[in-house]
Amino acid sequence: MTDEPELSGQDRLAAEFVLRLLDGAELAEATRRQQEEPAFAAAVAEWETRLMPLVESIRPEVPDQGIWERIAARLTEAPAETATIHILRRKAKIWRAYSAAVTAIAAALALVIGLESGTRDPALQVPAPAPAAPAATLIASLAAEGGQAAIVISYDPDTKSLIATPAVLNPAAGRAHELWVIPGAGSPRSLGLVAAGGPQRITLPPALLKALGPEAKLAVSVEPEGGSPTGQPTGPVIASGQLTRI
Amino acid sequence: MADGSSRPEADEARRRLADALVRAGRGSHSALAEVYDATSAKLFGICLRILGERGEAEDALQDIYLNVWRKAGSFDPERASPITWLAALARNRSIDRLRARGGRVSEPVEAALQIPDPAPDAASSLEASEAGSRLSGCIGELENRKAHAIRTAFFEGATYAELAVRSGVPLGTMKSWVRRGLLQLKECLER
């Protein structure tokens with residue numbers, strides 16, 4: 001019994017990915033491999049072909065009439081949205097190059113002046129380095145399914161911003177981790193990308209601040225570099241949690 | 001193999017759906033409408049099964065067809081069956097939504113032990129394809145606990161960690177059951 005063979009290697013990971021048995025860092029890794037490794041993508045497609053016929057046992061249910069109208073109304077948005085994202089990405093590239101140079105100079109200066117050189121990964125948007133832990137009244141530990149803390153979020157009421165500290169999750173090359181707030185009712189709203197490395201500050205516009213009610217959930221999804229192209233999570237959710245008062 | 005049906009009308013429906021998906025991928029709104037008409041009841045059923053709540057499933061369905069619209073360009077009819085491609089997308093998006101919300105309402109342990117096996121219902125199995133019947137047959141050959149774990153993962157989006165908690169076994173044990181079950185399933189399907 002204990003000697004029974006198990007599915008192994010790439011085939012195992014592909015099957016587990018198709019079933020969505022994975023979470024956290026393993027799910028992020030499988031997502032990356034599916035997008036970048038043709039052999040792994042093929043193994044995933046084979047397992048989809050093997051397992052998806054299970055949906056035949058799910059009873060079809062006709063959705064309400066209005067749903068298609070709502071979809072159709074949003075189809076026109078899509079191409080425009082994509083175009084904007086391309087421009088933003090170009091800007092982000094320019095910003096990254098600039099910010100890398102500035103960081104290099106700053107680091108050099110810090111060494112010269114003898115300050116502690118707190119260099120950070122200059123990639124991704126413009127998060128200002130967070131100061132030493134402010135007195136936060138709200139904190140969320142976003143856990144991957146296994147319960148391991150993936151990222152810790154604290155709310156700083158003085159500056160009305162969030163401090164995000166990734167614990168174990170570092171995005172793979174070409175991928176980014178995006179933080180979302182899911183209000184009690186309504187769609188997820190992006191809080192921006194979570195860079196690898198040290199703590200970062202995410203300043204909240206007033207509209208998003210309101211979304212951070214007691215019902216709100218926070219989640220991290222895997223997205224293409226530069227963030228979700230659609231304004232909604234497009235990749236798997238690898239961690240989620242809720243703000244609690246401390 | 002894909003849908004594996006030998007009925008000519010099923011092959012024709014599949015070919016038409018694949019064709020509509022390809023045209024949607026080139027930006028045709030009416031082609032996406034065709035895809036929606038042919039598949040929305042099935043995909044809505046999947047959303048409802050996983051999310052368990054109608055409003056949430058409706059939001060998911062919109063999100064799914066907007067995703068179909070964006071991703072249809074990457075659909076390759078030579079490599080994937082259109083309904084497999086769509087069902088996988090619908091299931092994945094529903095599970096992501098479930099996890100973003102922090103999972104389904106957790107059930108007490110006693111209730112978890114009594115969860116009936118999500119076996120196919122008789123009425124809908126009438127439309128089963130050859131591939132579907134073979135898969136059901138092969139899952140039926142598995143030891144109960146392995147079959148139950150695989151079905152629960154598929155229909156409820158449960159992770160290894162959740163499956164282990166629900167069955168009251170260590171995580172490593174659950175992983176072994178599932179991995180053995182998956183290997184046996186693969187071998188059975190290849191016979």
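A word on conventions before I start: residues are numbered from 1 along each chain as its sequence is written, and chains are lettered from A in the order in which they are written. Since the model is predicted, local features need pLDDT of at least 70 and side-chain atom pairs count only at pLDDT 80 or more, while totals for chains, interfaces and linings use all residues, and side-chain values use heavy atoms, with hydrogens and water left out.

Let me begin with the interface. The contact, meaning heavy atoms within 4.5 Å, takes 72 residues from chain B and 60 residues from chain A. The size of an interface is often given as the accessible area lost when the parts come together. Here the buried area, which is the accessible area (1.4 Å probe) lost on putting the two parts together and summed over both, is about 6300 Å², and carbon and sulfur atoms give 61% of that.

Chain B and chain A also share 22 residue pairs in polar contact, both residues at pLDDT 80 or more; a polar contact is a pair of N or O atoms within 3.5 Å, where within protein one must be able to donate a hydrogen and the other to accept it, and residues adjacent in sequence count only if both atoms are side-chain atoms. Of the elements on the side of chain B that touches chain A, helix 2 of chain B gives the largest share, 12 residues, helices being DSSP runs of H or I of at least four residues and strands runs of E of at least two, numbered from the N terminus.

A salt bridge here is a side-chain nitrogen of Lys or Arg within 4 Å of a carboxyl oxygen of Asp or Glu, and the structure holds 24 of them over all chains, with 6 between chain B and chain A. One joins Arg54(B) to Asp64(A), at 3.4 Å from N to O. The largest pocket is lined by 43 residues, with Gln34(A), Gln35(A), Lys71(B), Ser74(B) and Trp85(B) nearest its centre. The largest cavity is lined by 15 residues, among them Pro188(A) and Arg97(B), and helix 4 of chain B gives the largest share of that lining, 4 residues.

Conventions. On a 1 Å grid over the protein atoms alone, a cavity is a set of points where a 1.4 Å probe fits but cannot get out, and a pocket is an open set with protein on both sides within 12 Å along at least five of seven lines; lining residues have an atom within 4 Å of a point.
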